[in-house]
Each structure stands twice: as C-alpha cells, then as structure tokens.
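User: I am new to this structure and would like to understand the words used for it. Could you walk me through a few of them?

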Amino acid sequence: MKKEKIYGELVDSDGRCVHWHSKLDVIANRCETCGKLYACYQCHNNSENHAFGRYNQLSNQLIVMCGVCGHQMTYARYDEINQCDQCETPFNPGCSLHKHLYVC
C-alpha cells in the first residue's frame with residue numbers, strides 16, 4: 001500500500017512536523033472537513049481556511065495513519081494500541097492529551 005501524503009509544515013518522511021518532531025511523533029490525523037491527513041492540528045489550521053474538523057471517535061473510517069509505514073486505522077483502534085499494528089513503530093503516549101482536537 002502506498003503511503004498517503006501527510007500535509008503540514010516541514011513534514012519529514014515519517015510525518016513529523018515543525019510543531020511535533022520527537023522520535024515518537026509519527027501519527028497523522030484526517031480532517032473531517034477537507035479529508036486531508038495532517039501532521040498536526042496546528043499545521044492544518046495554519047494552512048487551511050477552516051478549523052480542523054473532528055470525526056466521531058467511534059467512526060469506522062480510517063482517520064489515523066502511521067507516518068512511518070502508511071498503515072491506516074480507525075481512531076478506536078489507534079486509541080487502544082501503543083505502536084503500529086503493521087511496522088511496530090511506537091506512538092507518542094502524550095498525544096492522548098490532544099484527543100479533543102481530533103475527535104469528538
């Protein structure tokens with residue numbers, strides 16, 4: 001599967017951006033309004049003419065992507081794991097502090 005483009009400011013090959021760039025910051029989230037995957041809500045809000053559109057956290061849509069391998073998952077699946085199901089890259093546990101910005 002080809003990895004979908006991750007939008008944002010100074011995004012590297014694994015999805016890290018100018019705002020979040022630790023080794024563990026590899027998750028991209030899909031905006032419900034424009035459908036694009038962004039490295040973070042700040043990159044989105046700096047680039048688009050609308051606020052980041054949140055999906056329902058129980059949605060069955062693939063709205064989270066591992067920036068390392070491109071594996072896409074539902075938010076519910078992402079919320080229950082601490083590393084990618086496909087490539088086993090660990091995720092940043094601190095991202096849960098920003099859950100309210102991406103899902104409702």
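**Exposed residues and the sheet**

Analyst: Happy to! This is a predicted model. Let's start with glutamate 88, which counts as exposed at 54% relative accessibility.

User: Why is glutamate 88 called exposed?

Analyst: The word exposed is used over 50% relative accessible area. Glutamate 88 comes to 54%, so it counts as exposed. You will find glutamate 88 in the loop between α2 (75-80) and α3 (99-102). Its phi is positive, about 65°, although glutamate 88 is not a glycine.

User: What makes leucine 10 exposed or buried?

Analyst: Buried would need a value under 20%, and exposed one over 50%. Leucine 10 has 73% relative accessibility, so it is exposed. Leucine 10 belongs to the loop between β1 and β2 (27-30). Its phi is near 55°, a positive value in a residue other than glycine.

User: How do you know that β4 and β5 pair?

Analyst: Two strands pair if there are at least two bridges between them. Strand β4 (residues 64-66) and β5 have two bridges, so they count as a pair, in the antiparallel sense. Within this pair, methionine 65 stands opposite glutamine 72 in β5.

User: Which order do the strands of the sheet follow, and why are β1 and β5 said to stand at the edges?

Analyst: The open sheet has five strands in the order β1-β3-β2-β4-β5, with mixed pairing. β1 (6-7) and β5 (72-73) each have a single partner strand, so one side of each is left without a neighbour in the sheet.

Note on methods: Residues numbered from 1 in each chain as written. Predicted model: local features only at pLDDT ≥ 70, side-chain atom pairs only at ≥ 80, totals over all residues. Heavy atoms only, no water. Helix = DSSP H or I, 4+ residues; strand = E, 2+ residues; numbered from the N terminus. Buried < 20%, exposed > 50% of the residue type's maximum accessible area, 1.4 Å probe, protein only.
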